[in-house]
Amino acid sequence: MKENLKVYSNQKAIPIIDKNGNVNKNSNVYKRYLANRGIAVTKEYYYIDHLYDDYYAVLDVVSTQSVFEDELDDAKVLYKWGVICLKRDKNGKIIRFEEELVVPFLYDRICPDNLETLTAYADENHLTYIELDKKSPYYGEQLVPAVLTRAVAFNVTYKGFAECMVDGVIGYIPRNITPLTTITKDDLLTREQVEYLISINTADYNKLVEKINHLTGSESLRLVRKP
């Protein structure tokens with residue numbers, strides 16, 4: 001039977017300390033959950049947004065300040081986005097309430113990208129790419145630090161590459177990048193470098209590299225691996 005997954009909401013009473021210093025149990029907010037034909041299959045979050053397949057961006061409270069208010073105030077509560085993936089049994093049936101938190105609640109915004117990646121905003125001006133290939137050892141991790149001021153999806157301009165900006169300089173990174181903990185404008189590939197890499201016939205180039213290295217008796221050239 002085909003799943004009919006929809007987002008439902010519940011009104012919840014969230015206890016807080018009111019302006020008189022007393023516990024107010026009647027401060028109401030809405031929390032959302034994913035359900036299959038009305039039966040809940042996920043825990044509750046403040047917002048749920050479908051990315052693709054079994055992946056969902058979810059919003060939750062990560063911290064609150066100690067304040068004297070009689071209702072929840074966005075200025076006093078810190079909301080952040082993360083990513084969950086539904087868990088299924090060997091028959092492909094969703095295991096209720098067992099979703100995996102793939103990406104922790106760290107981001108102001110999360111958007112689907114190409115080639116099993118996400119684009120995430122650490123704040124209004126700084127972005128990163130996140131690995132979402134389950135076979136990757138870096139599954140759920142940032143591909144680069146969240147310092148990009150521009151981050152175009154992969155495959156938009158060149159297949160296997162994404163256009164981004166660091167320190168005011170626009171360049172490119174390959175999809176098969178090993179996650180970096182620092183990145184500068186000098187790390188980016190230029191348009192000319194990407195076009196050269198794309199134009200290379202990898203098999204022929206590698207044969208030439210092997211021949212040159214054999215003739216010179218050294219590894220003066222290296223094999224290439226396309227993204």
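**Close-up views of a predicted model**

**View 1. Asp 108 reaches Lys 80 through its side chain.** The two side chains make a polar contact of 2.5 Å (a pair of N or O atoms within 3.5 Å; within protein, one must be able to donate a hydrogen and the other to accept it, and residues adjacent in sequence count only if both atoms are side-chain atoms). This is a predicted model, where local features need pLDDT of at least 70 and side-chain atom pairs count only at pLDDT 80 or more, while totals for chains, interfaces and linings use all residues. Residues are numbered from 1 along each chain as its sequence is written, and side-chain values use heavy atoms, with hydrogens and water left out.

**View 2. The surroundings of Asp 108.** Asp 108 sits in the loop between S7 and strand S8 (109-112); strands here are DSSP runs of E, at least two residues, numbered from the N terminus. With a relative accessible area of 35%, Asp 108 is partly exposed (buried is under 20%, exposed over 50%, partly exposed in between, with a 1.4 Å probe and protein chains only). Skip the neighbours within four places in sequence, and Asp 108 is in contact (heavy atoms within 4.5 Å) with Lys 80, Trp 81, Tyr 121, Ala 122, Asp 123 and Glu 124. Ala 120 is 12 residues away along the chain, with 7.6 Å between its C-alpha atom and that of Asp 108.

**View 3. Leu 51 in the largest nonpolar core.** This core has 19 residues; a nonpolar core is a set of buried Ala, Val, Leu, Ile, Met, Phe, Trp, Tyr and Cys residues joined through side-chain atoms within 4.5 Å. Leu 51 is among those with the most contacts inside it, along with residues including Val 83, Ile 110 and Leu 118. S4 (47-52), S5 (55-64), S6 (77-85), S7 (100-107) and S9 (117-121) each supply at least two residues of this core. A second, separate core of 16 residues includes Cys 111, Tyr 121, Leu 127 and Cys 164.

View 4. As for disulfides (a pair of cysteine sulfur atoms within 2.5 Å), the structure has 0.

**View 5. An open sheet of 3 strands.** The order is S1-S2-S3 and the pairing is antiparallel; two strands pair if DSSP finds at least two bridges between them. S1 (5-17) and S3 (39-40) are at the edges with a single partner strand each, so one side of each has no neighbour in the sheet. Between S1 and S2 (residues 23-36) there are 12 bridges, and Ile 17 has Val 23 as its bridge partner in S2.

Definitions and conventions:
Helices (H or I, at least four residues) and strands (E, at least two) are DSSP runs, numbered from the N terminus.
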